[in-house]
Amino acid sequence: MEHIRTPKVEQVKLLDRFSNKSVTGTLHLTATHLIFVESNSTSAQEIWILHHHIASVEKLSLTTSGCPLLIQCRNFRLVHFVIPRERDCHDIYSSLLRLLRPVSYDELYAFSYNPKQNDQQREEGWQLIDLAAEFERMGVPCDQWQLTDVNREYKVCKTYPRDLYVPITASKPIIVGSSKFRSKGRFPVLTYFYQEKKAAVCRCSQPLSGFSARCLEDEHMLQAISKANHNSRYIYVMDTRPKLNALANRAAGKGYENEDNYSNIRFQFVGIENIHVMRGSLQKLLEVVGTRSLSMTDYLVGLENSGWLRHIKAIMDAAIFLAKAVTVEGASVLVHCSDGWDRTAQVCALGSLLMDPYYRTIKGFMVLIEKDWISFGHKFADRCDQLNIDPKEVSPIFTQFLECVWQLTEQFPQAFEFSEWFLIQIHEHVHSCQFGNFLGNSQRQREDLQLKERTYSLWAHLLNEKQNYLNPVYSPSFAESHPVLEPSTQAYHFKFWRNMYHQYDRSMHPRQSILKHVLTLKDSNRELEGTVQALKTKLQKFGVRTSPLKPQTPPRERSIAPRPQSLILGAPLLSRKEVQQEEDEEVFGEEAREDAPASTGGERTVEGSSATENGYGEVMGSFGSKNEPGVVTLEFGVARMSC
Amino acid sequence: MELSEHIKTANVEDVTLRRPFHPALRGTLCVTSHHLLFSNRKDEASWQLLILLKNIDAIEKSVENLFGYPRAVGSSGTITIKCKDLLVLQLEIPGMEECLNIASSIEALSSLESVTEMYPFFYRPSHLTLLGPWGLSTTEQYYKQTERLWDRWRVSKVNSDYSVCPSYPSAVIVPREVDDDKLIRSARFRQGGRFPVLSYCHHSNGMVIMRSSQPLTGANKKRCKEDELLLQAVIDGSELGYIIDLRSAQQAQQARMTGGGFESKSCYRHWKRIHRHHERGKVVQESLIKLVEACSDLSHSVDRWLSKLENSKWLSHVHSALSTAGLVVECVERDGHSVLVHGSEGTDNTLLVSSLAQIILDPASRTVTGFLCLLEREWIQAGHPFQQRCAHSAYSHARLKQECPSFLLLLDCVWQVWRQFPLALEFSEALLLRLAQEVYASNYGTFLCNNEQERCAAGVKENTHCLFQSMLKPDIEEQYLNPLYEPTDLAIWPSVHPQSLQLWTGMFLRWTEYAQNMEEAREEVWSIVKEHRERV
């Protein structure tokens, strides 16, 4: 609190990002949030912004109406305030600068967030996802794969989890030797086991081969992986980097596997760019789609130049290659990049999702993230800039993974139990630092922070809200008939994910949502079914003659579940009452509150659709004023009136 | 020349048919005067493919005659058939001569010029009858049903013999106080005689959308008193009306050099002119060609795809059509002013904008019947030259004459509106797709000819069936219904941010593997809705 100089500023204007509209209200600054409350009493819109979500604050030069403050968020929200007095603006600005740069983990919101659960509930939340059970589900340990305790004390690899699965023929000396030959000690371990063909997906970091170095233990290790699969005589080694990057790494004593030294490997580059390229690409993309009065041409050219969809496709291509090698050829695959925690995580996770319908369910998707991202040490703290340590470490690697999954949901609308809102919600919380799951860079660090004792688990929270994330057209029988997804890689399947990158730009969204509507119908179907069942039981109980039907029959209105209007296609919905009960759940609260005005919007509009938001032309600006310009000469008049 | 004289080989056995994402089939190929028929008989199961020859946009043939082999074994040919509904088929025909014969028959019979030789004049299904009125409605009926028009508007028969305006229907709706003589004079002052007529009267405030062609002001700024009076009568004493000119200001200026022009501020005092540039004719046709080419590029490169998509400019046309329609709606609904829409000829973009504006404004035009009535009124009767515009589609190698996919553009825009308001339209994408197909090749007479006058001369109404009537038969209409339909009386303003507009995959990628999954998901939605209806 000591950083807050001005807790409240009145008469602040909030400008719309894409139109000339603005609303006036009061700005509040709290220890955790920046809150804007619109002063108009009828449609008092509220915007809550968590400090951790703020990526940057910019003070623009003074204008006649005040001092503009531009706030850019990691969830792609962009707000533009105009604060009447420069001093207030400066106070807010400097307070925010301090608040959004926490100096230690203890300052993160997760450590003060309290959803009013007792210790037991919290513990249960953390126990929901159990990776040992997950490996058991895959059929591991088995006659070829075993659990090793070599990393019990994080001695072999600091960034790996304690429990690791390796081929039974890989002895401790081999493991230790191999780990010494791999960047950051990340030796090859099992991440997914395809039971049907006994083929394994393993992951590691790049070998320290330089121009000629060898390591017999590492060669043994790969041999052991190969031997563990009787279905195939060879294993694939996928280097997910572009070949040029891998070559350059050789000069630094790192590099890639020499096919001459390893027996029976098939080596393959797949060309996913590094974190810096991805960061730049997203920046370009956001610049383009943030432009006002963007023309179709500039949009498409900008989309192409950003390269974003090209990168998304590269990740997808790699995952498809992995899935094919495993499911069609029955070969085991070893995946790595440089350190084995970015591109490797993307490809392994997405590949597994293609191969295993379980990962396309809500619970399964949580398990997948827990396994391939959290436990194997994707550096969430660095990539998502939790502590503002190094801007060069920040990169939207996990966002890309979520987007790849979204692209798949577009191609296979029936294959996923969850809707895109689930993905967007996970993205929201990866950056919110509200739950402990994504804090820190590795499992070891998370243990040091005692997250399980001091914070809550996101997964419990999401499972509580499960009904909001369901995909109404999900079909378990589709999963049975299509256990392995074979997506098309035709370029036209790769689309811009508007609901992610324009999540908060209401004017851009479809004004009515199929998803939401169908969910409502399904809910209502379920409820009606329940009523029928209840009536049947009653009838049986009382015999058919009695008529206790009256109090039981629900009025028709009840059958249609009230669903508050919402910002996004089928966004999670909380009624106002619930919001008040759970004061601290601001991210939801924020949604629900912001939604309220949408439903009370103008009479002429449908779900907040209005002419002013759309900006059919600059010409419209002149409509407000009744003063027509005097008669002008034709030649000029034509040019001027056409604007 | 009889049609059958074009057919040298009517039947070929052992033909192999290849379609995208289907296994190859062997069967018999037949050419008739209007159809290509492929049938594959295997034991009891038989499968047939019937294609209207008119649907064929382009054919490519390649023959090979392997030297030294007897003719029956060695020579064969392949015909690639590219249809106007974007389907591409391959036929492998044994025998070089047969192959060439079939190809030349298709070429001749798919490009018939004479309207009365076309298939709708021969289509006689048993469930339809040629008796009874043709079409859904007439101008008079529309007027009678629309009570809000009675006060200030009347039906004029000035064009009953099509002499005032050859491309207008015999009856039009005009301001009550303007007599037929004034209309005739105004018509002389407008290109093609297309004087300002009523297109739509808004139910909530009585403001109207008018449409016309450009005024013939010419280089020396001619005026026409009657035309000015006609427009004055439209706004009837209110202070302002808007003229939405679908050309840039510069183009409108240039049009004066060729006898056209625009309404000058000094002559039309109460009208404010707004220029919005719209591409037309050849440019739009070329966009379609490039878009379809981009969609069939199998190179898998995202950059290439985006650059081709951009280069086609198709989505830019969709964008400008929707934004201008939005602008018209803002004038009428938000500002409460009447609007006159025109470009040059007033037969393409003008109709596109005025009908889109009605979809946005008027709940009545969002039902199946209402939408088809709108199309009949604003496209068929209003004289969109379908025969010229839809002579060829995206694959044809023929030199472009007057082709322009204005109607397809309309369907695309309506699809975009449906994407943004999936509950507001009573009809589904299936209806739009059916129309996109019928407009290029049809069993019905609805889209024949260029205007009412030609349809009368050819006897279309007496000798063909009406597509819209057949689509409204209850058992058929059902397949075009939107399961989620919930009528709303409000205007549905679409967002026109480029990020909100999308490629119409259902149309342009309809023959790809993509369609299958979407279809299944759609059926799932249907079944949920049905279950809900049954339960409630």
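## Surroundings of B:Asn451

Beyond its neighbours within four places in sequence, B:Asn451 is in contact with B:Pro166, B:Ser167 and B:Gly383. Contact means heavy atoms within 4.5 Å. B:Asn451 is found in the loop between helix H14 (429-438) and helix H15 (452-458) of chain B. Helices (H or I, at least four residues) and strands (E, at least two) are DSSP runs, numbered from the N terminus.

B:Asn451 is buried, at a relative accessible area of 9%. Buried means under 20% relative accessible area (1.4 Å probe, protein chains only). Its side chain reaches the backbone nitrogen of B:Gln453 at 3.2 Å. The side chain of B:Asn451 also reaches the backbone nitrogen of B:Glu454, at 2.9 Å.

## Basis of the model

This is a predicted model: local features need pLDDT of at least 70, side-chain atom pairs count only at pLDDT 80 or more, and totals for chains, interfaces and linings use all residues. Residues are numbered from 1 along each chain as its sequence is written, chains are lettered from A and ligands numbered from 1 in the order in which they are written, and side-chain values use heavy atoms, with hydrogens and water left out.

## The sheet of chain A

Chain A has an open sheet of 7 strands, in the order E4-E3-E2-E1-E7-E6-E5, with antiparallel pairing. Two strands pair if DSSP finds at least two bridges between them. Strands E4 (46-50) and E5 (54-59) of chain A each have a single partner strand, so one side of each lacks a neighbour in the sheet.

Strands E1 (residues 8-15) and E2 (residues 22-29) of chain A pair in the antiparallel sense over 6 bridges. Here A:Lys8 stands opposite A:His28 in E2(A).

Notes. Buried means under 20% relative accessible area, exposed over 50%, partly exposed in between (1.4 Å probe, protein chains only). A polar contact is a pair of N or O atoms within 3.5 Å; within protein, one must be able to donate a hydrogen and the other to accept it, and residues adjacent in sequence count only if both atoms are side-chain atoms.
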